[in-house]
Every structure is written in C-alpha cells, then in structure tokens.
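Hi everyone, thanks for coming. Please have the sequence and the 3D view ready, and we can walk through this together.

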Amino acid sequence: MLLSQANTAELLGNAMHLKEINTKSKKPRLNLAEVTSGNANLGLLLIIFTTRVAKIIKATKNTLIESKLLNAEELSSVVDKLHGWEIKEAKLQSKWSFNNFIEAFGFMTKVALLAEAMNHHPNWSNVYASVTIELTTHDLGGVSIRDVQLAQAINKLEAK
C-alpha cells in the first residue's frame with residue numbers, strides 16, 4: 001500500500017506523539033486511537049511498524065550494559081562481526097541505499113524509534129535515497145558497547 005503525501009505527513013507528525021516514557025518502568029506507551037485519528041490505513045501501518053520495532057527493542061533491551069570505550073582489539077573484533085559497518089574517524093559508520101526518499105526516510109524513522117528507546121542517538125545524514133549513520137559515544141569520546149548494540153539493532157531493521 002502506498003501512502004499519499006498527506007497520509008505520510010500525518011503519520012510522521014503523529015509519530016512524534018507516539019512514545020511517552022514512564023519514568024519508573026522506562027516502557028513506551030502507545031495510544032493508537034489517538035495517533036491514528038480514526039484512519040484505518042494509518043492505524044494498520046502503525047501497528048505493523050511499531051510491532052516490528054518493538055520486537056527489536058525487546059530483543060536488545062535485556063543486553064544493554066554500562067558504557068565503556070572499546071580498545072583497538074575490541075573494535076577490530078566488533079567490525080568483523082557487524083555486517084556493513086566500518087570504523088571511520090573513530091566512529092562506527094555504515095551506508096544504506098534505498099529506491100527513493102520515502103524508503104530512506106522510513107528507515108530513518110525506524111532507527112529514530114530504536115535510538116530513542118535505547119537512549120543512544122546516531123549522527124546521520126540523508127541525501128535522497130541514501131542514509132549514512134555514524135555511531136559514537138560522545139561523552140566517552142569514541143566507540144562503546146552502546147554503539148555496537150545500536151548497530152546490531154539497526155542491522156536487524158533492514159537488510160542492506
């Protein structure tokens with residue numbers, strides 16, 4: 001199903017209101033009725049979209065650990081195991097190519113929800129149908145296990 005520009009804008013606008021963090025449980029709470037405003041197509045897309053992202057978040061959530069900067073040996077080992085990622089300028093970096101801007105932006109939206117749930121946000125750029133993501137732990141000044149975990153979760157979202 002293709003979305004019109006109006007429906008895409010509505011979905012993306014409403015997605016901004018999707019996640020409300022409960023400070024005690026740190027679990028996202030979704031109000032689908034409020035988000036979809038009675039639009040069945042948007043509701044269905046939103047359910048499919050959030051279900052897929054929620055599964056990845058759930059799988060990743062139990063493995064989150066304290067951040068520490070990875071040394072050169074650990075970095076080398078990590079890059080060997082992370083398909084499509086490389087170390088560039090002391091950051092984990094990967095590039096994706098899509099068929100069009102909507103697909104690229106949709107991918108970025110999925111990554112944004114993952115990053116927010118993991119409380120670890122990427123540096124990224126988007127030019128039409130391509131997306132470049134750089135991961136680094138700014139407060140440590142380099143690549144940490146949190147960057148690796150986010151890269152692994154991103155790889156589960158979309159085949160390159």
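Predicted model: local features only at pLDDT ≥ 70, side-chain atom pairs only at ≥ 80, totals over all residues.

Let's start at valine 131. Setting aside neighbours within four places in sequence, valine 131 is in contact with Ser94, Lys95, Trp96, Phe98, Ala104, Phe107, Met108, Ser125 and Asn126. This valine sits in strand E6. Is valine 131 buried or exposed? Its relative accessibility is 0%, so valine 131 counts as buried. Valine 131 and serine 97 are 34 residues apart along the chain, yet their C-alpha atoms are separated by 6.6 Å.

The average pLDDT of the protein is 74, and 57% of the residues score at least 70. Where is confidence highest, and where is it lowest? Strand E6, residues 130–135, has the highest mean, at 96, while strand E1, residues 20–21, has the lowest, at 38. Two stretches call for care when you look at the picture. Residues 1–5 have a pLDDT below 50, and beyond near neighbours in sequence that stretch has 6 contacts in the model. Residues 11–37 are also below 50 in pLDDT, and there the model has 36 contacts beyond near neighbours in sequence.

Now let's zoom out. The protein has 6 helices and 6 strands. If you read along the sequence, the pattern goes α-β-β-α-α-α-β-β-α-β-β-α. There are 160 residues in the protein, and 35% of them count as buried. The protein exposes about 9800 Å², with carbon and sulfur atoms supplying 55% of that area. Here is one more number for the overall picture. Take the contacts between residues at least 6 apart in sequence: 67% of them join residues at least 24 apart.

Back to one of the partners of valine 131, namely Ser94. Serine 94 lies in strand E4, which covers residues 91–97. Because its relative accessibility is 2%, serine 94 counts as buried. What does the side chain of serine 94 reach? It comes to 2.7 Å from the backbone oxygen of glycine 84.

Strand E4 also takes part in a salt bridge. Lysine 91 pairs with glutamate 134, and their closest N and O atoms are 3.6 Å apart. This pair links distant parts of the chain, with lysine 91 in strand E4 and glutamate 134 in strand E6, 43 residues apart. How many salt bridges are there in total? The count comes to 2. In the other pair, glutamate 74 bridges to lysine 68, with the closest N and O atoms 3.1 Å apart. Glutamate 74 has 27% relative accessibility, so it counts as partly exposed. Lysine 68, at 43%, is therefore partly exposed too.

You'll find serine 144 in the loop between E6 and H6. Not counting residues up to four places away in sequence, serine 144 touches Ser67, Lys68, Leu69, Leu70 and Thr137. With threonine 137, there is a polar contact between the two side chains, at 2.5 Å.

Stay in that loop for a moment and look for histidine 138. Histidine 138 is found between E6 and helix H6, residues 145–157. Histidine 121 is 17 residues from histidine 138 in sequence, and the two are 9.9 Å apart in space, C-alpha to C-alpha.

Last stop: the surface. Which residues form the nonpolar patch? They are Phe101, Ile102, Phe105, Val127 and Tyr128, and together they have about 510 Å² of accessible area. Helix H5, residues 101–118, gives the largest share of the patch, with 3 residues. Another member, valine 127, is in strand E5, which spans residues 123–127. With 59% relative accessibility, valine 127 counts as exposed.

Valine 131 is buried at 0% relative accessibility, whereas valine 127 is exposed at 59%.

How values were computed
Residues numbered from 1 in each chain as written. Heavy atoms only, no water. Helix = DSSP H or I, 4+ residues; strand = E, 2+ residues; numbered from the N terminus. Buried < 20%, exposed > 50% of the residue type's maximum accessible area, 1.4 Å probe, protein only. Polar contact = N/O pair within 3.5 Å; in protein donor to acceptor, adjacent residues only side chain to side chain. Patch = residues over 30% accessible without salt bridge, like charges linked within 9 Å, V, L, I, M, F, W, Y side chains within 5 Å. Areas by Shrake-Rupley, 256 points an atom, 1.4 Å probe, with all protein chains shown as cover. Salt bridge = Lys/Arg side-chain N within 4 Å of Asp/Glu carboxyl O. Contact = heavy atoms within 4.5 Å. pLDDT = per-residue confidence, 0-100.
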